[in-house]
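Take a moment to turn the model around on your screen. Then let's walk through a few of its features together.

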Amino acid sequence: MDCSLVRTLVHRYCAGEENWVDSRTIYVGHREPPPGAEAYIPQRYPDNRIVSSKYTFWNFIPKNLFEQFRRVANFYFLIIFLVQLIIDTPTSPVTSGLPLFFVITVTAIKQGYEDWLRHKADNAMNQCPVHFIQHGKLVRKQSRKLRVGDIVMVKEDETFPCDLIFLSSNRGDGTCHVTTASLDGESSHKTHYAVQDTKGFHTEEDIGGLHATIECEQPQPDLYKFVGRINVYSDLNDPVVRPLGSENLLLRGATLKNTEKIFGVAIYTGMETKMALNYQAKSQKRSAVEKSMNAFLVVYLCILISKALINTVLKYVWQSEPFRDEPWYNQKTESERQRNLFLKAFTDFLAFMVLFNYIIPVSMYVTVEMQKFLGSYFITWDEDMFDEETGEGPLVNTSDLNEELGQVEYIFTDKTGTLTENNMEFKECCIEGHVYVPHVICNGQVLPESSGIDMIDSSPSVNGREREELFFRALCLCHTVQVKDDDNVDGPRKSPDGGKSCVYISSSPDEVALVEGVQRLGFTYLRLKDNYMEILNRENHIERFELLEILSFDSVRRRMSVIVKSATGEIYLFCKGADSSIFPRVIEGKIDQIRARVERNAVEGLRTLCVAYKRLIQEEYEGICKLLQAAKVALQDREKKLAEAYEQIEKDLTLLGATAVEDRLQEKAADTIEALQKAGIKVWVLTGDKMETAAATCYACKLFRRNTQLLELTTKRIEEQSLHDILFELSKTVLRHSGSLTRDNFSGYSNRLSADMQDYGLIIDGAALSLIMKPREDGSSGNYRELFLEICRSCSAVLCCRMAPLQKAQIVKLIKFSKEHPITLAIGDGANDVSMILEAHVGIGVIGKEGRQAARNSDYAIPKFKHLKKMLLVHGHFYYIRISELVQYFFYKNVCFIFPQFLYQFFCGFSQQTLYDTAYLTLYNISFTSLPILLYSLMEQHVGIDVLKRDPTLYRDVAKNALLRWRVFIYWTLLGLFDALVFFFGAYFVFENTTVTSNGQIFGNWTFGTLVFTVMVFTVTLKLALDTHYWTWINHFVIWGSLLFYVIFSLLWGGVIWPFLNYQRMYYVFIQMLSSGPAWLAIVLLVTISLLPDVLKKVLCRQLWPTATERVQQNGCAQPRDRDSEFTPLASLQSPGYQSTCPSATWYSSCSQQVTLAAWKEKVSTEPPPTLSGSRHRCSSIPSHSCPGSHVGMLV
């Protein structure tokens, strides 16, 4: 057998070779092709059942147990439990088995319930009725019984039951409209097209008689890609071959809109549909707290093993003296004497491991899970993060990363739709060097009855007038905008007659803005009907253009084109796209004038597009048709062949002009960025826009300031100078002033506003980044990367423009894995931001106008960028404070619990005698000390919410995992050791003189253990009470209730003879202990002594070395002013007392309009002022009544 064939097969089936695409053949309606056409080979495909559940009735128990015992802690306690069952250990198997059983059971119930809900949803989906064609008649059956090849009928507002190829609809032009909100969140209507040769089949009989086969690729998860072709057979002729693309594919889960009914053939069913293939879970992210927790567990496991080894060795050292190994009252049997010494030693080692195993807190995992799950609701309940305009609130897609929100060091944000509103407004267009602005503006007012054009420059010539109208026609024709129909269920259509505007819908806000803008300039797009586009010109005459071809937009080409034929028979190619993709392809037109206007608009922060055209003769068009047809029907490498075809077609163009669209800055975006920078967080903007446009936005949102010296690392500069020289030059520049602003020194941020402090901002484009990331000729790329990172660390802000989606993820990954390993956060609103959202430690999606793909793939979703401030500075801060205390406290109380047991072995001959009763061993972590720390970790507020929002610098106190560092961990451990010594030896000295009760009875070892345990429970609970700053009735109830529960339980456990116990060694012990005065004195005294060092340490540290947070607490802000802030029902937050407004907000909004006009009248400088977008800023954080932009009068 040929080795190359084997290698190819291995690559295809094992390595997933990308260029290879398998195909399948589908027989429409299960009808065999005509004799002699091709061989009929029926294939087996899965049915249409959707299975999103993880378990079945039969595999739930074994599969769930297997998954749970994959966790190291659960597996460890299982081993301990088995050891207790197998060998003779000092404690009952119940002591470790019951907590383990509790943890496993609670987790299994939670996962089982969630899976039951998934089963329920699956059954509802699989049993819904579907209409399909059988022998020319309409038949109804359950969705799960659909098979590949069935012809399905779907009615308006129904969802598609599987992935279908669109065959025909009730519309004459063979189109239908769908929404894919359940797939990618986009609510806009998308137009899909029926196969050209089947769109005339409107009845069940017609469609039932269709003879056709479909060849297409095997199922792939990409929602926007599909490659196939259909062979339609007639009785006499050869089959007609038509290409199939994503415009012919109707996806499962999408909804039919504005179309009465459609017919389609099923090509992917069940778990092979694109929706099902996208079910796969995202990679698991782990927080820094979880990593610290695991490291601490390893340390405590080592301590446990050390304790067991020390006790085992000391036991045999102690027993080496005569009569100690075999006292007269405990003679050994013959088999015990002959037992192997090493086996005995190993058994004793395991017994000591069992005795001390409670130092590893199994219940901590359950408490942490509950804390994260319940704590995540505080974000979704937060009324301040609810956006009334969109009706959206924050979403929590995973609660595993709550505390990571308090550790962010780098934020990577998209620009369009994240920092800006993605609400486009047409501002102007430039045709042949002449500028056109909709409406006439006089003294800042729009004149009434001025719906015409205000031409800023001189009137064009006759030839220019022709180009002008051609430009407007190009904007009316080169797009994918839809016009709502009369029968539209979402609202009536506004007729263009009588001066009323049409209602346009599109997946791109830019296209709608352009079509609406050109409508105000005199040309109105009416509709697409029967493949003819209709527009209304200035003379109110309707012009019809036949739509011949659409060359769709893609992010690589950054342009789109249409080929149309006018009523006079002239064929035009209109092309619209980014200036960087249009200018290299034009050979004619006033290029220099238009380029200058584009650059000026970009500096003002406007989004620019260029428009070009080419006249085609019939022979050229026929050649283009053949070229496109060959590329469209290819099953393999179709996208590559189409890109090559587009490249050949879109050349030798004539430049017509350019457009400018404004995307306004989001409300409070500048305030948010300023607060985040004060918190010590670096903010980077990653965008695909032009450098000038992006830089203007960065000035507007205060990322760059007037005194910011911009450093450029762009393609244009690299062409003039080598990359090596540029990097070293930039490095020298920034490192001279690195002392003023380094990564670890943000204390001087407030001084950054002053002019005497040099501040750097870096601008880099995608091409330059590719060169930096590209390995050098000698095979090393690390030097350039390290130098680049060093420059970035010394800059206060970084702007990355002209970035492809994968380059955004590349930047995040570069910082994420740098030597400091900072915590990164990525935020964006579009599908192009998903890659960086998934790459960052924390991904946040903005629920914007570009669909919900970012929100669906993120860890958290927020309605607006401004909500990021509270999410990090308040919620993130609280989450981290709470969970770090929870983790440290759990280890502390378990050291307090188990170290006295270790000390007790020195006084009982290392006989593995337990110090505590079995009930106390079992319930210590489950009942006596669990609820107070859980409530603390949910409700603690060490400073008020208003204080955290007002003073972002407090965020730095918890940065870099400050509360879970080794120094803090060692302090908590030593504190636990000290308290354990006090418990044990304090009780020991009380008992040294043989404490007796009033009736002369002597206390025994169980009373001693109970006294130690009582002091311990009171100490660890009161320690938590001392650490609590935010007291509510719930805290009081839980803390004092836990102590009361322990006392009542001990009284009942020792005061009643329980029939289910074989022996009751605790009978009357607790009551007897409380009847002794010395025991009461010991409890009070030992609890006080145990708590004293921690109290003294806190007092001294607060007086001598206070942190910023402690200074705020000392100033009287420790107790939140708004006591019910985080826990108030949403309805009660509607009162005016919860609203904070700025007296100057209204004035500032009005003065910002003057700024816009002033900037429009004057020439724009290369460094735009930060007040350019003042209309979007608010001054709620500024206490004075003056507007921070009051100096804008100087601009006019």
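This is a predicted model: local features need pLDDT of at least 70, side-chain atom pairs count only at pLDDT 80 or more; totals for chains, interfaces and linings use all residues.

Residues are numbered from 1 along each chain as its sequence is written, and side-chain values use heavy atoms, with hydrogens and water left out.

The protein has 38 helices and 37 strands; these are DSSP runs (helices H or I, at least four residues; strands E, at least two), numbered from the N terminus. Buried residues (under 20% relative accessible area, 1.4 Å probe, protein chains only) make up 52% of its 1196 residues.

Now for a helix pair:

| Helix | Residues | Contact residues |
|---|---|---|
| Helix 17 | residues 618-632 | I624, L627, L628, A631 and K632 |
| Helix 18 | residues 638-649 | R638, K641, L642, A645, Y646, Q648 and I649 |

Contact here means heavy atoms within 4.5 Å. The axes, lines fitted to C-alpha atoms over the stretch in contact, with angles from 0 to 180 degrees between N-to-C directions, come within 8 Å and cross at roughly 165°. That makes helix 17 roughly antiparallel (over 145 degrees) to helix 18.

Finally, find V874 in helix 28 (residues 867-904). Is V874 buried or exposed? V874 counts as buried because its relative accessibility is 1%. Leaving out residues up to four places away in sequence, V874 touches K869, I945, L948 and K949. The C-alpha atoms of V874 and D946 are 8.8 Å apart, although 72 residues separate them along the chain.

Note on methods:
Angles under 35 degrees count as roughly parallel, over 145 as roughly antiparallel, 65 to 115 as roughly perpendicular and the rest as oblique. Buried means under 20% relative accessible area, exposed over 50%, partly exposed in between (1.4 Å probe, protein chains only).
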